[in-house]
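Please read them alongside the coordinates.

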Amino acid sequence: MPVLSGLYGPYGRGVAAVLTTALVALLLALLPAPAAAAEGGPGWTVRPAGGGSAGRDVRPYAYLEGVPDSVLRDRISVTNPARTPLTVRLRGDGRAGPWLRFAARTVTVPARTRADVPFALALPDNAPPGDLAGEIVAAAGGGTERRVPVRVRVGGPTLAALTVEDVEVSGGTVRYALVNRGNTPLRPRLAVRADGVFGVLLDRPERPLPLELAPGRRVELTEPWPDAPALDSVTVRLRVAAEGGARGEGVASAAYVPMAPVAGGGLLVLGALAVLGTGAHRRRRTRGEPQASAPPPAAPAPAVVAEDGRSPRNPGPLARTGAES
């Protein structure tokens with residue numbers, strides 16, 4: 001600063017240096033503080049760890065493969081380009097989330113540093129074979145999050161099994177429960193049939209249900225039947241099938257009886273329903289069976305006739321055993 005040098009003489013240079021230092025400090029104070037980066041600014045990243053050019057990871061997600069009752073391991077990289085430390089909290093999410101374990105739930109990454117964090121996925125012994133997904137979530141201050149996709153392939157034999165339970169017919173509704181008894185997810189298909197005393201009342205062909213049944217899951221469902229009969233004895237069958245050969249069937253019976261205004265009318269209706277049910281039961285029992293032939297008529301009893309030709313009803317005087325002389 002030549003002006004200051006000329007103004008203050010030999011002390012001008014010292015004064016200029018002091019003023020320059022104060023001006024630089026003022027400018028630095030006016031700049032935005034880099035603390036935002038420590039609270040999760042836009043620069044930090046979380047990715048699957050691994051070799052990549054220029055320190056960039058080429059893996060779009062972490063991929064793990066194993067069998068049930070095994071532990072799979074991998075790493076993620078947390079990069080902090082800021083001038084202050086970054087603290088993140090790690091957790092699992094998705095179907096594989098409960099099985100994820102981390103070397104540390106809370107990780108502090110120094111400024112301008114990348115930290116590799118080991119993690120493990122512990123497959124339980126009942127893990128279903130097939131593919132499933134999850135995520136590793138890293139949360140920093142300020143509510144910012146970064147997610148790393150995790151893809152898992154579980155090996156082993158698959159078992160598809162399905163049961164239909166607790167079938168109940170009530171008015172115009174059929175209630176039932178589906179249970180996945182196997183170790184693979186199922187998309188069930190349902191067929192419904194109802195038979196009455198005089199024939200078929202309902203016959204719905206197989207159709208897919210809008211759900212995916214996870215292994216071990218139980219779900220309670222209803223099937224509407226708006227045109228249910230007013231008077232009949234009904235047997236309802238629910239047949240369910242799914243991929244892998246899984247099949248199940250449930251049966252329930254119900255008697256539809258209208259509400260009679262008086263007790264006598266109610267007894268009359270119940271009697272008619274009992275007659276219908278008894279007739280149907282007899283028809284079902286005798287269907288396809290040969291009818292038993294009637295027993296031959298009994299032979300007539302032989303007539304008893306005395307030696308003199310008289311009927312036993314009027315035998316007359318008995319003959320003596322010996323002749324008189």
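1. Both Phe102 and Phe119 are buried, where buried means under 20% relative accessible area, exposed over 50% and partly exposed in between, with a 1.4 Å probe and protein chains only. This is a predicted model, in which local features need pLDDT of at least 70 and side-chain atom pairs count only at pLDDT 80 or more, while totals for chains, interfaces and linings use all residues. Residues are numbered from 1 along each chain as its sequence is written, and side-chain values use heavy atoms, with hydrogens and water left out.

2. A search of the whole structure gives two aromatic pairs, a pair being rings of Phe, Tyr and Trp (its six-membered ring) with centres within 6.5 Å, stacked if the planes are under 30 degrees apart, edge-to-face if over 60 and tilted otherwise. The ring centres of Phe102 and Phe119 are 6.4 Å apart and their planes stand at 45 degrees, so this pair is tilted. It links strand 5 (residues 100–102) with strand 7 (residues 113–123), the two residues being 17 apart; strands here are DSSP runs of E, at least two residues long, numbered from the N terminus.

3. For Trp225 and Tyr256, the ring centres are 6.0 Å apart and the planes are at 80 degrees, so the pair is edge-to-face. Trp225 lies in the loop between strand 14 (218–224) and strand 15 (232–242), whereas Tyr256 belongs to strand 16 (residues 246–256), 31 residues apart. Trp225 and Tyr256 are both buried.

4. Four strands form an open antiparallel sheet in the order 1-3-7-5, where two strands pair if DSSP finds at least two bridges between them. Strand 1 (45–48) and strand 5 each have a single partner strand, so one side of each is left without a neighbour in the sheet. Strand 3 (residues 70–80) pairs with strand 7 in the antiparallel sense over 11 bridges, and Val78 stands opposite Ala115 in strand 7.

5. The whole structure holds 20 salt bridges, each a side-chain nitrogen of Lys or Arg within 4 Å of a carboxyl oxygen of Asp or Glu. One of them joins Glu223 to Arg207, with the closest N and O atoms 2.9 Å apart; Glu223 is in strand 14 and Arg207 in strand 13, 16 residues apart. Glu223 is buried, at a relative accessible area of 3%, whereas Arg207 is partly exposed, at 32%.

6. Finally, a network of salt bridges links Arg91, Asp93, Glu135, Glu145 and Arg147.
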